[in-house]
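Welcome, and take a moment to turn the structure around before reading on. We will walk through it together, one part after another.

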Amino acid sequence: MTGMKRLIGLPVILEGRQIGTVVRGVVRADGKALSGLVVRDGLRASRYLEAADIRMLGRLSVICGGKPVRVPRSAAFQLFRVTDANGARIGLVTDVLLDENTLRVKALEISSGPVDDLVSGRWYATAFAVQAQGNTGHVTIPCRQN
């Protein structure tokens with residue numbers, strides 16, 4: 001597994017040549033898989049690499065099989081607020097853990113706030129549902145047992 005934050009800054013390689021670096025990852029609106037990567041090459045405009053064109057998410061680079069395209073509007077989507085099934089606010093999504101082979105989301109890293117992060121650390125939710133509201137996804141998890 002790898003975190004989407006770890007992908008930021010990795011070079012993107014197409015046919016043995018670097019075509020840019022990863023700016024950020026984008027998950028699908030249902031929050032269950034990677035939709036694609038936003039890639040930038042120097043001063044040029046950002047481009048979008050579809051998940052279907054990603055061959056491998058490596059530790060040192062991302063290998064792709066197709067050229068990036070214009071960034072779609074859906075690439076602005078991000079997971080944000082987290083509540084439990086009762087509606088109580090839990091925190092914010094800080095990272096997404098992906099399976100490198102299938103590009104499926106395995107877990108969400110959730111922060112309950114800076115003080116809670118210091119006291120008990122961030123935690124991972126493997127069971128969740130996402131409700132898309134414009135460009136943000138509202139994450140609902142089952143009631144957390146402390």
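Helices and strands here are DSSP runs, a helix being H or I over at least four residues and a strand being E over at least two, and both are numbered from the N terminus. Keep in mind as you look that this is a predicted model.

Seven strands make up an open sheet, and their order across it is 6-7-2-3-4-5-8, with mixed pairing. Strand 6 (54-57) and strand 8 (69-70) are the edge strands, each of them pairing on one side only. Strand 2, residues 11-14, and strand 7, residues 62-64, are paired in the parallel sense, and three bridges hold this pairing. Here you can find Ile13 standing opposite Ile63 of strand 7.

Now look at strand 4. How enclosed is strand 4, residues 34-40, by the rest of the structure? Six of its seven residues are buried, so strand 4 is largely enclosed. Strand 3 and strand 4 run antiparallel and are joined by six bridges. Thr21 has Arg40 of strand 4 as its bridge partner. The hairpin of these two strands has six residues between the strands, and Gly31 there takes a positive phi near 75°.

Strand 4 also runs antiparallel to strand 5 (residues 47-50), with four bridges joining them. Gly36 stands opposite Glu50 in strand 5. Strand 4 and strand 5 form a hairpin too, with six residues between them, and Gly42 in its turn has a positive phi of about 60°.

Next come the charged pairs. How many salt bridges does a search of the whole structure find? The search finds three. In one of them, Asp30 pairs with Arg28, and the closest N and O atoms are 2.9 Å apart. Asp30 is partly exposed because its relative accessibility is 33%, and Arg28 is likewise partly exposed at 34%. Another salt bridge links Arg44 with Asp41, with 3.2 Å between the closest N and O atoms. Arg44 counts as exposed at 58% relative accessibility, whereas Asp41 is partly exposed at 31%.

Glu109 and Arg122 form a salt bridge as well, the closest N and O atoms being 3.6 Å apart. Glu109 belongs to strand 11 (residues 105-111) and Arg122 to the loop between helix 2 and strand 12 (123-125), so this pair ties together parts that are 13 residues apart in sequence. Glu109 is buried, with a relative accessible area of 13%, while Arg122 is partly exposed at 41%.

Helix 2 itself, residues 114-119, contains Val115. Is Val115 buried or exposed? Val115 counts as exposed, because its relative accessibility is 60%. Together with Leu118 and Val119, Val115 forms a nonpolar patch on the surface, and the three share about 380 Å² of accessible area.

Our last stop is the largest pocket, which holds about 280 Å³ of space. Its lining comprises 14 residues, and Met4, Gly25, Gln78, Thr94 and Val96 are the ones that lie nearest its centre. Which elements each supply at least two residues of the lining of the largest pocket? They are helix 1 (4-7), strand 3 (17-27), strand 9 (78-84) and strand 10 (89-98).

Terms used:
Residues are numbered from 1 along each chain as its sequence is written. This is a predicted model: local features need pLDDT of at least 70, side-chain atom pairs count only at pLDDT 80 or more; totals for chains, interfaces and linings use all residues. Side-chain values use heavy atoms; hydrogens and water are left out. Two strands pair if DSSP finds at least two bridges between them. Patches are made of residues with over 30% relative accessible area and no salt bridge: like charges are joined within 9 Å, nonpolar side chains (Val, Leu, Ile, Met, Phe, Trp, Tyr) within 5 Å. Accessible areas come from the Shrake-Rupley method with a 1.4 Å probe; for residues, only the protein chains shown count as cover. A salt bridge is a side-chain nitrogen of Lys or Arg within 4 Å of a carboxyl oxygen of Asp or Glu. Buried means under 20% relative accessible area, exposed over 50%, partly exposed in between (1.4 Å probe, protein chains only). On a 1 Å grid over the protein atoms alone, a cavity is a set of points where a 1.4 Å probe fits but cannot get out, and a pocket is an open set with protein on both sides within 12 Å along at least five of seven lines; lining residues have an atom within 4 Å of a point. Grid points are joined across faces, edges and corners, and a volume is the space filled by probe spheres set on the points.
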